[in-house]
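Please report on selected local features of this model.

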Amino acid sequence: MRKIGLNELRELFKDFYVNKGHFPHASFSVVPENDKSLLLINSGMAPMKPYFSGAKKPPSKRMTTCQKCIRTGDLENVGHTDRHGTFFEMMGSFSFGDYFKRESLVWGWEFITQVLEMPEDRLWASIYEDDDEAYDIWKNDVGIDPSRILRMGKEDNFWEIGTGPCGPCSEVYYDRGEDYGCGRADCRPGCDCDRYVEFWNHVFTQFNKDEEGNYTPLEHPNIDTGMGLERIACIMQDTVSIFDVDTVRHILDGVSEASGVVYCDGKVETDISVRIVTDHIRSVAFMIADGVIPSNEGRGYVLRRLLRRAAVHGRKLGIEGPFLTDLTDRVLAVSGDAYPELREKREYLRKIVRLEEDRFAAAIDQGNALLNEYIDELKADGKTELSGDKVFRLYDTHGFNPELTREILAERGFGIDEEGYLEELRRRQEMSRTRRKTDAASGWDEDGPDVSDLPDTIFTGYDVLADTCKVLRIFRDGKAVEQVVCGDVASAVLDRTPFYAESGGQASDVGTMEGPNFSARVCDAQKTRGVFTHRIEVTRGALKTGDEVFCIVESARRNRTARNHTATHLLHRALKESLGDHVQQAGSFVDSEQLRFDFTHYKAIESEKMEEVEMIVNRVVDEFLPVNTEELSMDEARGRGATALFDEKYGDVVRVVSVGDFSMELCGGTHVRNSGEIGGFKILSESSVGSGTRRIEAVTGTNILQPFERAERVLTALGSMLKTGPDALVDKLEHVLSDMRDIRRELNAADKERMAESAE
């Protein structure tokens, strides 16, 4: 076989399937889109689930991809084995109800034997034990020797996850030769030795499994194939491990250069650390380029763990100071052409890695000192495990996650009290939950009244601020009642309402509810699965189930809230323009007083950048751009470039809010009619709310006057104290400070003179 580079293999695969009528889709982000079941994309098929399930229409019935994947389930094996890595690329070919087994297997054989020129006598195939159709295709259509077609059981050759679409699969193996084998006479594919390498799996999704365990044939069966790019590169380049593949080796050589440690093909202890750094920096680069920022939870925690683990192993290799930042350039050198987002975000990528390296360097020095104290205590006490509370302290105070503490202790012959750590973690979490409940005390029952049998409330508040509505149910103290009277505090569910219920980070409307013999103040509105519940204080008469009431939203409060909400959209866009596309919304809250916007960013924003962001928003305000809302399918909204939150669950039809050509976001909130109605935008503060997350608080419209009025009162008071007007205040203050400095110098000189006289 001719040796083929990894990047060339990727292109050969894509070109082959494009010639077979497949649509070449670019790799999806490693951050799952609208899929809370996954923290990170871990297979080529994972982003395709909406197409296989029918939730979304694919761009073509035939597709091919090379997908970026992150998998940390085998993290402890990385570096110790030849094949494990946290980052890998998965090449795949897919058919959504188009072709099936014959085309998949015949084309696959054509690619590996004619394009890659793999020798046929080295290739084996496995099939599900009952899949006679696949056997016939391999034997008759492909022409493989029947002795090299193996029937295997459900555990090896049947793909299913719980209920739903599933089916048999067929795997292709390459025989690397006797030198890699175990020497047993019965050695063949499926053996634990390294001789036979499985490199391509063809999954035939042809059944639907129900909850009773029945398998029903699908009307339109699908094809899902996956071939690990690094694994096939190992075969084509005749290397022992994935770390010797050309692109990966280029990064590994950078680790060796930085450390001065000679890599010995996995044969010496230091090779483990060299491999770990090599693998982890690949994952780190791709995760950051796709918008992940180091943090203490979720995928941000995965990123931080990989970064810090790489930094620790760099230290073990003798590398002093930050080194991972420069190593990212090696990732860009070998993968930047295939994944341009790496090159586009080079400077941002370097900033994130360097910041995290510097933070960890400071933390690890302190943490190591404390950990060494703990180890001395363990030795003195004759113990072998570090207690759970101390493991937690290292994590909570110094950023040593338990995995890192475990690794360092293991090297010194100690372990950690796993159950004790988990118990301490649970105790701290319970304390936090209790504190939140105490701090957030309110009159609402935590779960709210039971409205499961009521129809969804029709929201009319996008179009009107007053409407006639019918009372469907009344709750008092969490229980349904027929009537409430003057002085009662209750909750009312209406068939329709103009009151916006708190959701999407927007506070609820308030207002009044009127009837012929009834009045109430609407203090709040909440939404439970589409049903709006109005919190009311009855001020006159009585309200009964079935009554018609006239609801009036307090317009001034609604308008101020709408100004702030539209301003958050402009702020989001302005931050992207000023700081970069890595900025993503991490939360927001708007009410009638001000807006709060949380976003991903790696450091505090300089004053010049803050001024730039403020200027961008106010420029759009001055342009009086129209604010339009429309309902679109999710695919159409995405196609137009609408911004959405990855962790949000959206339906098939979404509401899109556009501010001219400047901003377009998926949003269910209330907004102004054009940007000019915002009136003005002023940032009050910028702060940190966690690692990798910043918060901006701002005001709009007439609320901008409040900070200026406060400042004016301070200036007036200062002017009165200094007996001057505001315009001359700075000069007057400078003169006062200058006089104070002169007096202080004279006093110091006098003190020294008195001390000298006293000494004599």
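## A buried threonine

T64 is buried, with a relative accessible area of 2%. Buried here means under 20% relative accessible area; exposed means over 50%, and partly exposed lies in between (1.4 Å probe, protein chains only). T64 sits in strand β2, residues 62-70. Helices (H or I, at least four residues) and strands (E, at least two) are DSSP runs, numbered from the N terminus.

The T64 side chain reaches the backbone oxygen of G92 at 2.9 Å. Leaving out residues up to four places away in sequence, T64 touches F13, K14, Y17, H22, F23, P24, H25, G92 and S93. Contact requires heavy atoms within 4.5 Å.

## Basis of the model

The model is predicted: local features need pLDDT of at least 70, side-chain atom pairs count only at pLDDT 80 or more, and totals for chains, interfaces and linings use all residues. Residues are numbered from 1 along each chain as its sequence is written, and side-chain values use heavy atoms, with hydrogens and water left out.

Four strands form an open sheet in the order β22-β23-β28-β27, with antiparallel pairing. β22 (585-590) and β27 (681-690) stand at the edges; each has a single partner strand, so one side of each is left without a neighbour in the sheet. The twist averages 15 degrees from one strand to the next. Two strands pair if DSSP finds at least two bridges between them.

Five bridges join β22 to β23 (residues 595-600), and these two strands run antiparallel. S588 has F597 in β23 as its bridge partner. Helix α16 (residues 555-579) lies across β22, β23, β27 and β28 (693-700). Its direction is at about 25 degrees to β23. Axes are lines fitted to C-alpha atoms, for helices over the stretch in contact, and angles run from 0 to 180 degrees between N-to-C directions.

## Salt bridges

How many salt bridges does the count come to? The count is 54. The rule asks for a side-chain nitrogen of Lys or Arg within 4 Å of a carboxyl oxygen of Asp or Glu. D141 forms one with R102, the closest N and O atoms being 3.7 Å apart. This pair links distant parts of the chain: D141 is in helix α4 (residues 132-142), R102 in helix α3 (residues 101-115), 39 residues apart. D141 is partly exposed at 40% relative accessible area, and R102 is partly exposed at 43%.

R640 forms a salt bridge with E636, with the closest N and O atoms 3.2 Å apart. R640 is partly exposed at 42%, as is E636 at 36%. The side chains of E677 and R673 also meet in a salt bridge, 3.0 Å from N to O. Here E677 is partly exposed at 30%, whereas R673 is exposed at 65%. Elsewhere, salt bridges that share partners join D326, D329, R346, E347 and R350 into one network.

F624 is not a glycine, yet has a positive phi of about 50 degrees. Where is F624 placed? F624 lies in the loop between α17 (607-622) and β24 (627-633). F624 is exposed, at 53% relative accessibility.

K723 is not a glycine either, and has a positive phi of about 55 degrees. K723 lies in the loop between α19 (705-722) and α20 (729-759). K723 is exposed, at 73% relative accessibility.

Conventions
A polar contact is a pair of N or O atoms within 3.5 Å; within protein, one must be able to donate a hydrogen and the other to accept it, and residues adjacent in sequence count only if both atoms are side-chain atoms.
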